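Hi,

Here is the structure I said I would pass on. Have a look at it first, and then read my notes below.

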Amino acid sequence: MAGTKMLKLPEVLEEIEMSRAAFYRMRTRGKAPKLIKLPNGQIRCRRSDLDAWWADCEMSA
C-alpha cells in the first residue's frame, strides 16, 4: 500500500512499552498487532494495524 507507514519491530515494542519476549508470548496467544514478514526476513507492522490493535485494547479495558 502506497503511503502506509511501516514500523520496525523495535519501534512497535518501544511504543507499546513491551519486551520482545513478552510481545512474542502475546503473539502466540493471538493478542498482538498483525505483523508482516518481508521477503528479506525483516518484520514490519503497518501503522494502521497498530492503531487498530490499540483501539481493540481500549474497547477491552
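A word on axes before anything else: they are lines fitted to C-alpha atoms, for helices over the stretch in contact, and angles run from 0 to 180 degrees between N-to-C directions. Helices (H or I, at least four residues) and strands (E, at least two) are DSSP runs, numbered from the N terminus.

This is a predicted model, where local features need pLDDT of at least 70, side-chain atom pairs count only at pLDDT 80 or more, and totals for chains, interfaces and linings use all residues. Residues are numbered from 1 along each chain as its sequence is written, and side-chain values use heavy atoms, with hydrogens and water left out.

Now the helix pair: the axes of α1 and α3 come within 12 Å and cross at roughly 25 degrees. That makes α1 roughly parallel to α3 (the label for angles under 35 degrees). On the α1 side, V12, E15 and I16 make the contact (heavy atoms within 4.5 Å), and on the α3 side R47, L50, W53 and W54 do.

Then the sheet: 3 strands form an open, antiparallel sheet in the order β1-β3-β2 (two strands pair if DSSP finds at least two bridges between them). Its edge strands, β1 (6–8) and β2 (36–37), each pair on one side only. β1 is joined to β3 (residues 43–46) by 3 bridges, and M6 stands opposite R46 in β3. Helix α1 (residues 9–16) packs on this sheet, touching β1 and β3, with its direction at about 85 degrees to that of β1. Helix α3 (residues 47–60) also touches β1 and β3, at about 65 degrees to the direction of β3.

Cheers

Technical notes. Parallel < 35°, antiparallel > 145°, perpendicular 65-115°, else oblique.
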